[in-house]
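Let's take a walk through this one together. Have the fold open in your viewer and follow along.

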Amino acid sequence: MCGIIGYIGNKEAFPILINGLKRLEYRGYDSSGVALLQNNESIIYKKKGKVSDLENFIADSDVSGNIGIGHTRWATHGEPNDVNAHPHTSLNGHFTLIHNGIIENYGRLKDVLVSVGYTFKGETDTEVLVNLIEYIYMRGNVNAELAVHYALAKVIGAYGLVVLCKNEPDQLIAARKGSPLVIGIGEGEHFIASDATPIVEHTNSVIYLNNDNVAIIKKNELTLKTTDNDELTPNIQKLNLGIGEIEKNGYAHFMLKEIFEQPRSIKDTCRGRISLEEKSIRLGGLHAVMPKLIDAKRIIIVGCGTSWHAGLVGEYLIEDFARIPVEVEYSSEFRYRKPVLNDTDVVIAISQSGETADTLAAIELARSAGATVIGISNVVGSSIPRETNAGVYTHAGPEIGVASTKAFTTQITVLSMIAIELGMKRGTLTPKESNGLMEELILIPEKLERIIKMNDSFEKIAALYKNANNFLYLGRGYFFPVALEGALKLKEISYIHAEGYPAAEMKHGPIALIDENMPVVVIAAKDNSYEKIVSNIQEIKARKGIVIAIVTEGDTVIREMADHVLEIPKADFALAPILAVVPLQLLSYHIAVMRGCNIDQPRNLAKSVTVE
Ligand code: M6R
């Protein structure tokens, strides 16, 4: 999704902006641009394509100036082209604007502006907003700050925006409603960005804007207000993020780095939360809502994409260990139907980014119906943790690759801890069972290390099937969501069509697809339906399908039948999804590399989907 960076201070703004835009590339975008204030004029450069295209385009231009803003755009209104790229400037050149989000009533606002003589170069809602600000500024004879306040009062929609006014060149004006913004505080300088990644190399003192906040940002001064113009006291926080965490550190791609980081990220997720001595799990962020969780009549898990898949694993875990009925819903479906909710329901919203628009809307709906809402998120300070009654951070560290990997396994880790804690507190797990599960969870990182060491074997299989047009992924029980996740990983980064199915459903349709050209990845680690999946493998082989089986180490039965076997260490099968998904992540990764795909920024995808 779109990205924002802004700078005001004594340094040259351009290198900070362009570097910031590169840091924001991971969010997904189709064009980029910068605006610099030079001699009280706003100079804009923007270009369709990559930030490197923008850099080449500007190569011989004057990019001096100490104030500037930059943007990466992911098209919503109007095609990706140079004109629709941000920044946008107003008709008379007084204002320049970058904006994340959507102005829903832009059509009506545009009609008003057209009726008073405004003309438009492109099709974006942002161009409407910048002209609205200018119109109010000129017509109302007010200063830039008031013009922004008055314009925002007329806007319906979501925004994170930064405004430059050429007549008031000592400030940037930023505002947030729905779309995150964070201000970095330096020595005689300020930064503003849509997330902390472009700021962390400059400062670790930050202020996260809340909804309906407006910030007037000067070199040495910062004023925070509500959209109603009431002054607020800024809450300065320390960024808990190192520069190394947002760099590739020698890996070819962020995705590979993040797959390899999983042993560490799971350790971090469990750290301080599982005590084998005290035989307890302590999730501090859930303390206040634990009585509600223990007595919940029903738990509903909402999420999108990979987070929804983690939710499915959560359903199995919570029903298994805590015996509470669980439903899992796509946030986008949940928000638009009329779900029956009441105050004995607990809704768990899962989101890596903490910014997914559909999940935020699902939370809003659940809260307004009186349900207790819990967030599971990876990004400290993001919207979902702010909007929920309680929650748990996954501590996976920044996930930059668009394809989610370590977020998935840490989400399952958190869900496992919730399920075990609930099982203990509700008495649905015996002490022996809960202790055994905690011990197993602690051992997962070491088992993941062993899987990652087998990377070469995943690469060899990838080489054999890199030209396949279709893949089928099958699993049963806990491994069904893993099959879905494996298929999603393959399609999003390699663009190969892939479907995930519960293995038993195969004979109700997908079996018609199986022939000697169809690779079928079967997650067949030992569990309570092992014999059944062995039969499914036989059914595939009888139709000459190619079987790539993920099995528990030492399995000799499937080795005899399958074309390829990839072993994972023995583990309790309720926790084995964390292990079984890793070979699938690596298989997808290698296939995509061999097909020459853009691994970290696959086409059309964005890292956090902040629009519907
Ligand atoms: O940030 P979120 O977890 O809310 O994102 C949800 C999905 O957009 C995300 O998981 C998406 O499906 C990934 N590209 C999957 O790899």
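Here is a short tour of a strand, a loop residue and a pair of helices. Keep in mind that we're looking at a predicted model.

Start with strand β2, residues 31-38, where 8 of the 8 residues are buried. In a regular strand the side chains alternate between the two faces of the sheet.

Now for the neighbours of β2. Strand β3 (residues 41-48) runs antiparallel to β2, joined to it by 8 bridges, and Gln38 faces Glu41 across that pairing. The hairpin linking the two strands has 2 residues between them, and Asn39 adopts a positive phi near 50° there. Strand β4 (residues 67-73) also pairs with β2 in the antiparallel sense, this time over 6 bridges, with Val34 opposite Gly70.

Next, hop to the loop between β5 and β6, where you'll find His94. Is His94 buried or exposed? Its relative accessible area is 16%, and the cut-off for buried is under 20%, so His94 counts as buried. The residues His94 touches include Glu134, Tyr137, Met138 and Leu164. Asn167 is another contact, and its side chain makes a polar contact with the side chain of His94 at 3.0 Å.

Finally, look at helices α13 (residues 406-426) and α19 (residues 577-594), which pack with their axes 10 Å apart at an angle of about 170°. The two helices are therefore roughly antiparallel. Phe408, Thr409, Ile412 and Thr413 of α13 meet Pro577, Ile578 and Val581 of α19. That contact comprises 5 nonpolar and 2 polar residues, with no charged ones.

Definitions and conventions:
Residues numbered from 1 in each chain as written. Predicted model: local features only at pLDDT ≥ 70, side-chain atom pairs only at ≥ 80, totals over all residues. Heavy atoms only, no water. Axes fitted to C-alpha atoms, helices over the stretch in contact; angles between N-to-C directions. Helix = DSSP H or I, 4+ residues; strand = E, 2+ residues; numbered from the N terminus. Parallel < 35°, antiparallel > 145°, perpendicular 65-115°, else oblique. Contact = heavy atoms within 4.5 Å. Nonpolar A, V, L, I, M, F, W, Y, C, P; charged D, E, K, R; others polar. Buried < 20%, exposed > 50% of the residue type's maximum accessible area, 1.4 Å probe, protein only. Polar contact = N/O pair within 3.5 Å; in protein donor to acceptor, adjacent residues only side chain to side chain. Pairing = 2+ DSSP bridges. Lists of a residue's contacts leave out its neighbours within four places in sequence.
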